[in-house]
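Hi there,

Here is the structure I promised to pass on to you. Have a look at it first, and then read my notes below.

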Amino acid sequence: MKEIAPSLLSADLLNLASSIERVRDRIKILHLDIMDGHFVPNLTFGPFFAEAIKEKFPGLRLDVHLMVSRPEEVIPWFLEAGVDWLSFHLEATFHHHRLLMKIKEGGVKAGLALNPSTPLCLLGPSLPYVDFVLLLTVNPGFGGQAFIEEGLGKIARLREMRETGGYSFLIEVDGGIKRENIRRIAEAGADVLVAGSAVFSGDPLRNLLYLKEELK
């Protein structure tokens with residue numbers, strides 16, 4: 001079953017609760033991008049914001065994507081905030097196994113994220129330990145960018161690595177997903193499709209239903 005995870009980066013931040021309310025009955029996952037202004041050229045949210053989202057919408061799984069240069073320092077904050085999924089970038093640290101274990105010991109699904117130009121072969125030693133892999137199909141830092149078409153082949157190759165290795169991790173894809181390409185991305189192997197502006201530009205519920213229709 002394919003899941004669409006609306007990205008709060010593209011939501012109306014002054015009316016965030018009402019935007020989430022529009023789609024809460026049709027989704028299981030909310031995606032939250034954490035940017036530190038160093039690993040990527042933008043600043044966004046912090047752990048108190050994540051905690052507030054969980055308190056307001058406890059029935060939704062909060063999927064936090066850390067785009068930060070020192071993930072080992074901030075992971076404990078988000079574990080304490082009560083998030084459900086937590087991923088950090090393979091490029092941001094050498095201590096992948098240590099951090100994955102720390103996340104899993106906190107009762108949270110652990111994931112590794114890869115930038116578009118990062119080769120999949122670097123994932124190899126970590127694949128037995130991840131609950132999901134997050135593939136970026138835009139250069140991270142800003143919403144509303146165009147999908148990098150070469151990402152389709154990368155998604156398909158990761159799916160093959162999963163099948164060949166007998167793994168059960170989920171493949172999450174984030175970046176440039178919209179109504180015109182969501183079916184191709186899902187067919188390539190994406191299990192969780194992160195959609196920001198494609199959901200929150202205009203009526204979130206109407207846009208979400210359009211995306212879901214494409215996946216039927």
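A word you will need is "buried": a residue is buried when its relative accessible area is under 20%, exposed when it is over 50%, and partly exposed in between (1.4 Å probe, protein chains only). Helices (H or I, at least four residues) and strands (E, at least two) are DSSP runs, numbered from the N terminus.

Please keep in mind that this is a predicted model, where local features need pLDDT of at least 70 and side-chain atom pairs count only at pLDDT 80 or more, while totals for chains, interfaces and linings use all residues. Residues are numbered from 1 along each chain as its sequence is written, and side-chain values use heavy atoms, with hydrogens and water left out.

Let's start with helix 3, residues 71–81, where Pro71, Val74, Ile75, Phe78 and Ala81 are buried. These residues lie on the same side of helix 3, because they cover an arc of only 120° around the axis (the arc is that of the directions from the helix axis to the C-beta atoms). Their cover includes strand 2, helix 2 (47–56), strand 3 (61–67), strand 4 (85–89) and helix 4 (96–105); contact here means heavy atoms within 4.5 Å. Just after helix 3 comes Gly82, with a positive phi of about 90°.

Helix 8 (residues 204–214) has buried residues too: Pro204, Leu205, Asn207, Leu208 and Leu211. They sit on the same side of helix 8, because their arc around the axis is only 165°. Among the elements covering them are strand 1 (3–6), helix 1 (16–23) and helix 6 (182–188). The N-terminal end of helix 8 is capped by Asp203, which has a side-chain oxygen 3.2 Å from the backbone nitrogen of Leu205 (a polar contact is a pair of N or O atoms within 3.5 Å; within protein, one must be able to donate a hydrogen and the other to accept it, and residues adjacent in sequence count only if both atoms are side-chain atoms).

Eight strands form an open sheet with parallel pairing, in the order 1-8-7-6-5-4-3-2; two strands pair if DSSP finds at least two bridges between them. Strand 1 and strand 2 (29–35) are the edge strands, each pairing on one side only. Strand 7 (residues 170–174) pairs with strand 8 over three bridges, and Asp174 stands opposite Val194 in strand 8.

Finally, find Pro125 in the loop between strand 5 (109–114) and strand 6 (132–136). Pro125 counts as exposed because its relative accessibility is 66%.

Enjoy exploring!
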